[in-house]
Amino acid sequence: ADLAKQLGRVLGLDQEELVALELVATLHDIGKISIDSKLLKKNTPLTEAEWAEIKKHPEVGYRIAQTVPELRKISEYILCHHERWDGNGYPQGLKGAEIPLPARILAIVDAYDAMTQDRSYRPAMAEREAIAELQRHAGSQFDPDLVTVFIDEVIEKRITLTPGGRELIATMKAKGYYAALVSGGFTVFTSRIAAMLGFDENRANLLLDADGKLTGEVAEPIL
């Protein structure tokens with residue numbers, strides 16, 4: 001839900017639209033309550049019959065949302081969250097801008113979230129692999145313009161403190177330095193990030209690689 005809201009803000013959605021987006025990001029799979037949990041956790045290929053059962057969940061979710069006054073406004077987005085930009089999605093086969101914007105946002109964010117988390121049938125992808133997959137399917141599965149905005153304005157600008165990064169930070173603080181990992185490989189600890197963390201922005205220029213190893217040093221301690 002957080003990534004969806006971040007993308008929504010970048011796109012200029014108003015507060016009411018952001019609330020609706022956050023709600024659908026949280027509840028879009030509510031229709032899966034009608035599916036046997038064993039099927040949802042299955043780690044082998046689905047049969048045609050099982051796949052047909054899985055594909056019913058947007059319509060089930062739509063019907064559930066329609067019964068709750070507070071959710072009716074997002075029921076269409078729930079229905080459309082598995083539509084594809086090229087028209088080969090389900091359940092309605094909508095294409096391009098026929099798909100409501102919140103559903104197009106959710107398709108991208110949900111796919112990214114799924115790829116970067118462990119699943120019963122596969123381990124999590126590295127962030128760069130997930131980004132490459134989004135780019136590969138832009139224009140077919142996903143709205144290509146939204147993919148570009150999501151990668152450039154949300155993922156690339158997001159600060160990610162990994163467990164290794166937190167350990168590095170603790171070590172550097174103990175030595176009088178401060179460091180942060182920024183998502184996406186080799187990076188510079190910029191003045192903007194330093195300011196966000198409350199450190200002297202004029203003395204923040206610490207280079208790190210993707211594993212948090214130092215590739216350069218500041219001239220003096222960042223206190």
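**Figure 1. Contacts and overall make-up of the predicted model.** Of the contacts in the protein with a separation of 6 or more, 47% are between residues 24 or more positions apart; contact means heavy atoms within 4.5 Å. The model is predicted: local features need pLDDT of at least 70, side-chain atom pairs count only at pLDDT 80 or more, and totals for chains, interfaces and linings use all residues. Residues are numbered from 1 along each chain as its sequence is written, and side-chain values use heavy atoms, with hydrogens and water left out. The protein has 11 helices and two strands. Both are DSSP runs numbered from the N terminus (helices H or I, at least four residues; strands E, at least two). Along the sequence the pattern reads α-α-α-α-α-α-α-α-α-α-β-α-β. Of the 223 residues, 36% are buried. Buried means under 20% relative accessible area, exposed over 50%, and partly exposed in between (1.4 Å probe, protein chains only).

**Figure 2. Confidence along the chain.** The average pLDDT is 78, and 69% of the residues score at least 70. This score is the predictor's confidence in each residue, from 0 to 100. The pLDDT is below 50 over residues 159-165. Beyond near neighbours in sequence, that stretch has 11 contacts in the model. Residues 176-223 also have a pLDDT below 50. Here the model has 101 contacts beyond near neighbours in sequence.

**Figure 3. Helix α1 and its cover.** Helix α1 spans residues 2-10. Its buried residues are Leu3, Ala4, Lys5, Leu7 and Gly8. Their cover includes α2 (15-27), α7 and α9. Lys5 lies in α1 and is buried, with a relative accessible area of 16%. Not counting residues up to four places away in sequence, Lys5 touches Leu18, Leu21 and Glu22. Just after α1, Gly12 takes a positive phi of about 85°.

**Figure 4. Helix α1 against helix α9.** The axes of α1 and α9 come within 10 Å and cross at roughly 100°. Axes are lines fitted to C-alpha atoms, for helices over the stretch in contact, and angles run from 0 to 180 degrees between N-to-C directions. The two helices are therefore roughly perpendicular to each other. By angle, under 35 degrees counts as roughly parallel, over 145 as roughly antiparallel, 65 to 115 as roughly perpendicular and the rest as oblique. Leu3, Gln6, Leu7 and Val10 of α1 meet Val149, Phe150, Glu153, Val154 and Ile155 of α9. The contact residues divide into seven nonpolar, one polar and one charged. Ala, Val, Leu, Ile, Met, Phe, Trp, Tyr, Cys and Pro count as nonpolar, Asp, Glu, Lys and Arg as charged, and the others, Gly among them, as polar. Glu153, in α9, is partly exposed, with a relative accessible area of 36%. The C-alpha atoms of Glu153 and Leu11 are separated by 9.8 Å, although the two are 142 residues apart along the chain.

**Figure 5. Helix α7 against helix α9.** Helix α7 (residues 101-115) and helix α9 (residues 144-155) pack at an angle of about 60°, their axes 11 Å apart. That makes α7 oblique to α9. Their crossing is right-handed. A crossing is right-handed if the near helix is turned clockwise from the far one by less than a right angle, and left-handed if anticlockwise. From α7, the contact uses Leu101, Arg104, Ile105, Ile108, Val109 and Tyr112. From α9 come Leu146, Val147, Phe150 and Ile155. Nine of the contact residues are nonpolar, none is polar and one is charged.

**Figure 6. Helix α7 against helix α8.** Helix α8 (residues 127-137) packs with α7 at an angle of about 145°, with the axes 9 Å apart. This crossing is right-handed. Ile108, Ala111, Tyr112 and Met115 in α7 meet Glu127, Ala130, Ile131, Glu133 and Leu134 in α8. The set divides into seven nonpolar, no polar and two charged residues.

**Figure 7. The loop between α6 and α7.** A cis peptide bond joins Tyr90 and Pro91, with omega about 10°. Most residues other than glycine have a negative phi, and most peptide bonds are trans. Pro91 sits in the loop between α6 (72-80) and α7. Gln92 lies in the loop between α6 and α7 and is partly exposed, with a relative accessible area of 45%. Leaving aside neighbours within four places in sequence, Gln92 contacts Leu79, Cys80 and Glu83. Gln92 and Glu59 are 33 residues apart in sequence and 9.9 Å apart in space, C-alpha to C-alpha.
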